[in-house]
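Thank you all for making the time this morning. Before I say anything, please take a moment to look at what is on the screen, and then we will walk through it together.

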Amino acid sequence: MVKTRLKGGRTKMAAGYAWFLVLVSVFLCNLMKTLLPCITSFLTKMMQKDAEQESEMRTEIQEMKKEQSSISMMDEFARYARLERKINKMTDKLKTHVKSRTAQQAKMKWIVNIVFYILQAALMISLIWKYYSDPVTVVPSRWIAPVERLVAFPTGVAGGVGITCWLVVCNKVITLGLHAVS
């Protein structure tokens with residue numbers, strides 16, 4: 001295979017793989033995006049130890065309610081009222097734990113999403129930076145005649161498909177494909 005020089009000293013053979021690199025990168029990013037809820041859930045479970053305590057509290061509340069149902073309110077009002085207060089106190093404590101856990105889950109989801117989108121943006125910017133002057137592929141100009149300059153951006157090569165257009169097209173096709181599969 002003959003290697004021809006492009007702008008910046010790169011060879012045509014090296015630039016010829018840009019389309020595949022972009023396609024794989026976009027596919028992996030979209031796949032990770034669909035897995036974000038699972039990743040967030042896993043990380044949240046790894047960091048939480050309150051789930052067992054909440055389960056114990058629920059069991060204890062159920063036992064107290066069972067005991068309370070066996071007590072006659074008319075005959076043993078004081079005991080019934082004490083148990084009622086214990087149940088209310090334990091229920092309030094449980095609600096506090098659940099709110100805390102829910103807030104922690106929301107925070108974890110937010111952090112995972114922010115990190116993912118920062119990494120995705122860095123990857124896309126680095127791909128654009130590396131291949132900005134090389135067309136991903138060159139097609140006959142008449143195929144893309146009305147929008148030739150837009151499709152070729154930022155390369156300026158007639159009939160060329162620029163990295164930004166290729167990123168947009170790959171992203172849309174892969175997103176539609178993954179939505180169809182799931």
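Let me begin with a term: pLDDT is the predictor's confidence in each residue, on a scale from 0 to 100. What you see is a predicted model, and its chain averages a pLDDT of 82, with 90% of the residues scoring at least 70. Confidence is highest in helix H4, residues 77–131, at a mean of 90, and lowest in helix H1, residues 12–15, at 46. Over residues 1–14 the pLDDT is below 50, although this stretch still has 19 contacts in the model beyond near neighbours in sequence. Where pLDDT is low, the predicted coordinates should not be read in detail.

Which residues touch the most other members of the largest nonpolar core? That core has 17 residues, and the ones in question are Val22, Val26, Met124, Leu127, Tyr131, Ile163 and Leu167. Helix H2 (18–47), H4 and helix H6 (163–181) each supply at least two residues of this core, and H4 gives the most, with six. If we follow valine 22 and leave aside its neighbours within four places in sequence, we find it in contact with Leu127, Ile163, Trp166 and Leu167. There is also a second, separate core of eight residues, among them Met64, Leu83, Met90 and Leu94.

Key. Residues numbered from 1 in each chain as written. Predicted model: local features only at pLDDT ≥ 70, side-chain atom pairs only at ≥ 80, totals over all residues. Heavy atoms only, no water. Helix = DSSP H or I, 4+ residues; strand = E, 2+ residues; numbered from the N terminus. Contact = heavy atoms within 4.5 Å. Core = buried A, V, L, I, M, F, W, Y, C linked by side-chain atoms within 4.5 Å. Buried < 20%, exposed > 50% of the residue type's maximum accessible area, 1.4 Å probe, protein only.
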